[in-house]
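Trainee: I am new to this structure and would be grateful for a close look at a single part of it.

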Amino acid sequence: MFDVRNQKSKIRLQKPTVVLGLGNPLMGDEGIGVYLIERLTRSAAEYPSVDFVDAGTGGLSVLQYLDGRRKAVLIDCAFMDEQPGAIRRFTPQEVRSTKVLAHESLHEVDLMRVIEIGRQLDQAPREIVIFGIQPEQVEFGQGLSPTLMESIDEYVALILQELER
């Protein structure tokens, strides 16, 4: 028998920090966030206060991973007019999204809009950091471009350095 009368005493099993890898690994470099989560998970034992999550293509489901956290680190492919493979660290206040939505799917949503909704609902941490990586190729096919593959260790080091802050 279950007693669901006191929902307010819900126990949180999540850790104070979350690292979310976003992207579609079936679209070349668009899958960089998911690929990096796989690599970062190898270091999970060294970061006991961090959850490493493959958030896939995101959408509004990202809110469930942000709720109740002190810090969130998001990793995604980003068109930044940089050289392919470039990585940049942003806060949401520094990002201007230019994503055009077709409004054909409930899963289609702009990441900046999700963060805004999370803040309006008081379900987003105060500290959010975004690592954007300039893709070389975004097209159907598995695997990252050689340019991004050559920089994987650099990306991992920068993200782990962020977790040390």
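Trainee: Which residues of α5 are buried?

Mentor: Please bear in mind that this is a predicted model. In α5, the buried residues are Ile 152, Tyr 155, Val 156, Ile 159, Leu 160, Glu 162 and Leu 163. Around the helix axis they cover an arc of only 150°, which places them on the same side of α5. Asp 153 and Glu 164, on the other side of α5, are exposed. An α-helix has 3.6 residues a turn, so residues three or four places apart point the same way. The length of the helix can be checked as well: at 1.5 Å a residue, the 13 residues of α5 should span 18 Å, and the end C-alpha atoms are 19 Å apart, which agrees.

The largest nonpolar core has 23 residues, and Val 19, Ile 32, Leu 36 and Leu 40 have the most contacts inside it. At least two residues of this core come from each of α1, β2, β3, β5 and α5, and α5 gives the most, with 6 residues. Among the contacts of Val 19 are Ile 159 and Leu 163, both of which are buried residues of α5.

The helix α5 also meets α1. Their axes come within 10 Å and cross at roughly 70°; angles of 65 to 115 degrees count as roughly perpendicular, and α1 and α5 are therefore roughly perpendicular to each other. On the α1 side, Ile 32, Tyr 35, Leu 36, Arg 39 and Leu 40 meet Ile 152, Asp 153, Tyr 155, Val 156, Ile 159 and Leu 160 of α5.

Notes. Residues are numbered from 1 along each chain as its sequence is written. This is a predicted model: local features need pLDDT of at least 70, side-chain atom pairs count only at pLDDT 80 or more; totals for chains, interfaces and linings use all residues. Side-chain values use heavy atoms; hydrogens and water are left out. A nonpolar core is a set of buried Ala, Val, Leu, Ile, Met, Phe, Trp, Tyr and Cys residues joined through side-chain atoms within 4.5 Å. Buried means under 20% relative accessible area, exposed over 50%, partly exposed in between (1.4 Å probe, protein chains only). Helices (H or I, at least four residues) and strands (E, at least two) are DSSP runs, numbered from the N terminus. Contact means heavy atoms within 4.5 Å. The expected span of a helix is 1.5 Å times one less than its number of residues. The arc is that of the directions from the helix axis to the C-beta atoms. Axes are lines fitted to C-alpha atoms, for helices over the stretch in contact, and angles run from 0 to 180 degrees between N-to-C directions. Angles under 35 degrees count as roughly parallel, over 145 as roughly antiparallel, 65 to 115 as roughly perpendicular and the rest as oblique.
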